[in-house]
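Me: Hi, could you walk me through this structure?
Reply: Happy to, here it comes.

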Amino acid sequence: MTPRPGEIYVDQHTRRKTPRVPVSCIVRFQQNDLNELAGKMFNLSAGGFGVKTNYPISIKERLTVAFNLPNTIGRVTGLGQVAWRQFHGDGLGHEKTIFTAGIKFLGLSKSSRRAVRDCVRMSVSQSSEEI
């Protein structure tokens, strides 16, 4: 497979515009009705992140998001949108996670956007050095 302009392939099955790196941190959400939720982020890119949560969220739902970047004191806040979600129920291996979802960044401050990009870039360069 040949990437289109502006895309990279992380593996043979995934087409992404930006690299995605594994992370582990708590992310807080606020829904439009001001209901506050939390989840565990499992990957991050400049375009968004993957999260596991026990709270119901809907595809295309807009959320205010806030999280601390791993190994930094940088706090990221902004607006995101649920791009996809998968319901697990009590499926094997997902006993403590009801939903896995992808959140696309819609709006981050300039400093938050820079902090996310730097975090991803640093993780990508560290992982390539280990190879």
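**Burial, core and a salt bridge**

Reply: Of the 131 residues in the chain, 34% are buried, where buried means under 20% relative accessible area, exposed over 50% and partly exposed in between, with a 1.4 Å probe and protein chains only. This is a predicted model, with local features needing pLDDT of at least 70 and side-chain atom pairs counting only at pLDDT 80 or more, while totals for chains, interfaces and linings use all residues. Residues are numbered from 1 along each chain as its sequence is written, and side-chain values use heavy atoms, leaving out hydrogens and water.

Me: Thanks! How many helices and strands are in the chain?
Reply: The chain has one helix and eight strands, in the order β-β-β-β-β-β-β-β-α along the sequence. Helices are DSSP runs of H or I with at least four residues, strands are runs of E with at least two, and both are numbered from the N terminus.

Me: Which residues have the most contacts inside the largest nonpolar core?
Reply: Those are Phe29, Met41, Leu44, Phe49, Phe67, Ile103 and Val116, in a core of 24 residues. Such a core is a set of buried Ala, Val, Leu, Ile, Met, Phe, Trp, Tyr and Cys residues joined through side-chain atoms within 4.5 Å.

Me: And which elements supply it with at least two residues each?
Reply: They are β3, β4, β5 (48–53), β6 (62–68), β7 (75–87), β8 (99–108) and α1 (110–130). β3 gives the most, with five residues.

Me: What does Phe49 touch?
Reply: Leaving out residues up to four places away in sequence, its partners include Phe29, Met41, Leu44, Phe67 and Ile103. Arg20 and Asn43 are also among the residues that Phe49 touches. Contact means heavy atoms within 4.5 Å.

Me: New topic: is Gln31 buried or exposed?
Reply: Gln31 counts as buried, at 11% relative accessibility. Gln31 is in the loop between β3 (21–30) and β4 (36–45). Beyond its neighbours within four places in sequence, Gln31 is in contact with Leu37, Pro56, Ile57, Glu61 and Leu63.

Me: Last one: which residue forms a salt bridge with Asp118?
Reply: Arg121 does, with the closest N and O atoms 3.1 Å apart. The count is one salt bridge, meaning a side-chain nitrogen of Lys or Arg within 4 Å of a carboxyl oxygen of Asp or Glu.

Me: How are Asp118 and Arg121 placed in helix α1?
Reply: They are three residues apart, so about one helical turn separates them. Asp118 is partly exposed, with a relative accessible area of 35%, and Arg121 counts as exposed at 52% relative accessibility.
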